[in-house]
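This report goes through the arrangement of selected helices, strands and contacts in the structure shown below.

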Amino acid sequence: MRRSRRHFLTVSATTLGGALVYTFDRKPGRVHAQGAQAGAVKIPLRFFTEEEALAIAAAAARIFPSDESGPGANEAGVVIYIDRQLAAAYGRDHYRYTQGPFADGVSEQGYQGKETPREIYRACLKKLGRFHLLSAVEQDARLKQMENTLFFSLLRTHTIEGMFCDPMHGGNADLIGWQLVGFPGPRMGYFDDVDQHYGTTFRPKPASLAQILGRPVLPSEETEP
Amino acid sequence: MKTLRPVDVVIVGGGWTGLTMAKELATRTALKILVLERGGPRKTRDYFDSMDELDYAVRLRMMQPIRDETVTFRHSMRDRALPIRQYGSFLPGTGVGGSGEHWSGISYRYYPHDFRRLSHFVEKYGRERLPEDCDVRDWPITYDELEPDYDRAERLMGISGKAGNLRGSKIEGGNIFEGPRGSEYPTPPMKMPHLAALFRDGAHSLGYHPFPLPAATTSVAYTNPDGVARAGCSYCGYCERFGCMIGAKAQPTNTLIPVLAHQTNFELRTGAWVRRVIVEGGRVRGVRYMDPQGEEIFQPADLVFLASWTLNNTRLLLLSGVGEPYDPKTGKGVVGRNLTHQVSVPAATVFFEKPLNGFMGAGSAGVAIGDFDAMDHSHVNFCSGGALYTVCYGTRPIANFGFVPPSVTARWGPEWKKAALHYYDRTGLVRFYGEHLAYRGNYMDLDPVYKDRYGDPLIRMTLDWRDNEGNMVQFMTARAVEIGRAMGAVEIRPFPGLGRYEATRYQGTHVQGGTIIGANHTDSVVNRYLQHWRVPNLFLLGAAAFPQNPSGNPTLTAVALTYRAADAVIQRYLKNPGELI
């Protein structure tokens with residue numbers, strides 16, 4: 001796979017590893033120490049330039065903010081997830097029928113555009129400019145203007161995917177998204193518990209697919225052409 | 001083009017119906033049987049790696065690659081059909097087992113009245129109550145005739161459930177509206193996740209008759225009559241869009257392949273993309289397919305079964321010029337007519353005060369009521385029915401994060417995030433699936449513009465709802481909201497209304513019609529044994545034979561019909577290879 005080695009995203013490790021990790025009932029809990037020690041990390045980008053990555057990270061963080069209700073897109077590494085997806089099969093429209101002719105249809109026929117996810121992002125990034133340098137209020141106002149665009153709907157979807165995907169895809173760092181919602185991840189089952197705990201919170205400790213299987217699994221973005 | 005050595009039987013498609021037919025023929029005859037499957041091979045142990053929501057439930061790794069072939073869609077003959085460019089309303093699987101690998105496993109029998117759909121309605125309410133261009137039919141077989149085959153299909157899969165009508169005795173706790181069953185379900189009902197228990201109690205308090213969903217996600221370890229043993233379900237929550245890593249969900253790979261693997265008269269060839277059925281002089285001579293290296297192959301055979309899912313069975317007949325294409329303007333022709341989907345909606349999204357622990361579940365762990373399948377239509381503005389139900393698939397966060405009650409208007413940002421976090425595990429659905437009547441204007445033909453990867457025309461769906469479906473959904477939505485209240489919901493979001501047919505919203509991979517079953521060659525494609533009326537050594541398996549959608553999910557009925565066809569072939573056709581009627 002061709003990867004851009006020129007661009008890196010520099011992130012503070014305290015926000016990457018999840019400064020605030022919440023307990024399962026979502027009360028603020030312990031602070032990760034190892035992140036603080038690591039300082040800044042440089043993550044190689046596969047699709048975005050550094051400027052673009054900063055803009056997308058800022059936009060994703062307005063959609064899924066880090067605030068008193070818990071960590072958000074920054075801690076989960078959503079922009080890293082999006083970068084990898086756009087660089088790989090999904091970004092090139094591997095999962096869509098792309099033969100022409102292209103024509104406008106009715107909404108019930110679904111998206112008919114010729115633009116790939118990569119192209120949609122690139123076109124919108126030009127308009128976003130140095131979005132990350134705006135104030136939060138200005139950022140919200142810009143996103144509000146774009147709310148009904150295809151780009152915004154993709155970005156919102158990708159932000160949710162990056163929050164809650166298996167960490168092998170680059171998002172949900174430290175299982176922070178799964179901890180937020182109390183999702184245990186892939187498990188072999190809950191035979192003894194499925195008809196118990198009615199009305200009370202039952203939250204097994206989350207684990208990733210690689211942790212459950214005891215071996216790494218290659219995600220589609222590493223294997224699909 | 002390379003011509004291979006002839007075989008006795010070619011079966012196109014390695015899913016539930018194709019492999020059930022293969023199993024019957026391979027174990028009961030000495031015929032040499034070849035199954036051609038377009039996708040790749042699969043094993044249960046592959047499915048450990050499939051517990052990844054992104055690659056499997058979002059990127060849809062188990063489905064036919066849509067970049068190679070899709071369908072085009074328009075609402076009516078006046079509109080321009082465009083390709084469905086990304087999967088939406090249905091998800092055809094590929095690979096050994098087909099859609100039978102990634103299904104949920106909800107396994108209804110149809111009701112006795114479903115087989116007499118036209119007569120039943122006309123007798124009760126009169127012909128004039130049916131919509132104008134409605135084309136519902138009676139099937140050329142009855143529920144009682146098919147009952148023994150339903151029983152075989154249930155035993156094959158080890159369906160879990162509770163009988164509501166055993167040889168005429170009504171049993172509370174089962175579906176009391178169902179047709180008489182010869183025997184109890186092979187395995188007991190599944191365990192009940194919290195949401196299902198809330199639905200059961202809520203529906204019961206309103207006087208309805210809740211019953212556990214009949215489930216191919218078998219509740220306990222089970223050995224079927226073929227000696228195939230499977231584990232009981234562990235409720236891991238990775239069912240629909242996934243394969244079962246412990247083999248608890250009945251799938252062709254864990255139910256039929258274990259038998260076929262021992263048969264020396266059986267061969268499964270994967271990566272074989274069948275493009276044409278070759279018919280000469282009123283008989284099939286074989287099929288033409290592309291092999292994985294891109295070489296075109298002619299495979300001669302004495303007997304051919306098409307078992308490649310509804311849309312592709314229809315498409316193969318149209319591409320091969322077998323039978324007269326249906327013309328909606330004149331009503332003449334047979335191939336492609338009576339296209340139906342299923343009226344499947346999230347009737348009410350219900351928000352609770354307490355958590356549901358929704359990550360635990362299975363594709364068919366849930367509860368339904370049959371009261372509206374059996375309803376009286378005297379005083380309503382529709383003439384179809386269906387079931388209200390809830391199913392606890394297992395809540396996974398990419399698909400399920402973001403639901404907020406009507407009191408929250410934000411769709412992003414802090415307010416939305418806070419509410420979505422709170423309600424993430426406090427949201428459930430009261431679902432409805434209902435009957436989709438056949439209409440003269442809903443049909444399939446070949447698209448004049450768009451092609452598949454080999455340059456063959458795509459199938460074109462002309463499909464839209466009528467007032468009947470919209471009115472039914474409106475009525476059922478109101479009932480779902482009442483049930484939601486009885487379940488103790490703090491807020492409820494009703495389904496906004498059916499509108500026009502959307503190719504974008506998932507509505508179940510339950511597409512029927514195109515090569516329908518009938519009593520007469522002038523208005524149907526296959527006879528009651530699924531044999532082509534004009535080409536006696538060609539049979540078409542699967543839901544393409546259904547003249548309309550009778551509300552319930554089609555797989556169990558498709559497999560029961562396959563058993564029936566297999567008996568006719570083995571007991572009668574092989575002795576005298578000609579028309580069975």
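The model discussed here is predicted. Strand 4 (residues 71-74) of chain B is joined to strand 5 of chain B by two bridges, and the two strands run antiparallel; within this pairing, B:Thr72 stands opposite B:Pro83. Both strands belong to an open sheet of four strands in chain B, ordered 5-4-21-20, in which the pairing is mixed. Strand 5 (82-83) and strand 20 (443-451) of chain B stand at the edges with a single partner strand each, so that one side of each is left without a neighbour in the sheet.

Helix 10 (residues 310-320) of chain B lies across strand 4, strand 20 and strand 21 (457-462) of chain B, and its direction makes an angle of about 70° with strand 20 of chain B.

## An enclosed strand between two partners

Strand 18 (residues 386-391) of chain B has six of its six residues buried, and it is therefore largely enclosed by the rest of the structure. Strand 17 (residues 366-369) of chain B pairs with strand 18 of chain B in the antiparallel sense over four bridges, and here B:Ala368 has B:Tyr389 of strand 18 as its bridge partner. Strand 18 of chain B also pairs with strand 19 (residues 427-434) of chain B, again antiparallel and over four bridges, with B:Phe432 of strand 19 as the bridge partner of B:Leu388.

## Packing of helix 1 against helix 14

Two packed helices are described by the angle between their axes and the distance between the axes. For helix 1 (residues 16-28) and helix 14 (residues 555-573) of chain B, the angle is about 30° and the axes are 9 Å apart, which means that helix 1 of chain B is roughly parallel to helix 14 of chain B. The crossing of helix 1 of chain B with helix 14 of chain B is right-handed.

On the side of helix 1 of chain B, the contact is made by B:Trp16, B:Thr17, B:Thr20, B:Met21, B:Glu24, B:Leu25 and B:Arg28, while helix 14 of chain B contributes B:Thr555, B:Ala558, B:Val559, B:Thr562, B:Tyr563, B:Ala566 and B:Ile570. By class, this contact has eight nonpolar, four polar and two charged residues.

## The loop position of B:Val228

B:Val228 is placed in the loop between strand 9 (222-223) and strand 10 (229-230) of chain B. With 18 other C-beta atoms within 10 Å, B:Val228 is partly exposed. When its neighbours within four places in sequence are left aside, B:Val228 is in contact with B:Thr223, B:Thr255, B:Pro258 and B:Val259.

The secondary structure of chain A comes to 11 helices and four strands, and 43% of its 225 residues count as buried. Among contacts in chain A with a separation of 6 or more, 68% are accounted for by residues 24 or more positions apart. Helix 5 (residues 78-87) of chain A is mostly covered, with 10 of its 10 residues buried; these include A:Val78, A:Tyr81, A:Asp83, A:Arg84 and A:Leu86.

The contact between the chains takes 57 residues from chain A and 55 residues from chain B. Helix 2 (53-58), strand 5, helix 7 (194-205), helix 11 (397-400), helix 12 (414-423) and strand 20 of chain B each supply at least two residues of the side of chain B that touches chain A. By class, that side of chain B has 29 nonpolar, nine polar and 17 charged residues.

Key
Residues are numbered from 1 along each chain as its sequence is written. Chains are lettered from A and ligands numbered from 1 in the order in which they are written. This is a predicted model: local features need pLDDT of at least 70, side-chain atom pairs count only at pLDDT 80 or more; totals for chains, interfaces and linings use all residues. Two strands pair if DSSP finds at least two bridges between them. Two residues are in contact if their C-beta atoms, placed from the backbone, lie within 7 Å. Axes are lines fitted to C-alpha atoms, for helices over the stretch in contact, and angles run from 0 to 180 degrees between N-to-C directions. Ala, Val, Leu, Ile, Met, Phe, Trp, Tyr, Cys and Pro count as nonpolar, Asp, Glu, Lys and Arg as charged, and the others, Gly among them, as polar. A residue is buried if 20 or more other C-beta atoms lie within 10 Å of its own, exposed if 12 or fewer, and partly exposed in between; C-beta atoms are placed from the backbone. Angles under 35 degrees count as roughly parallel, over 145 as roughly antiparallel, 65 to 115 as roughly perpendicular and the rest as oblique. A crossing is left-handed if the near helix is turned anticlockwise from the far one by less than a right angle, and right-handed if clockwise.
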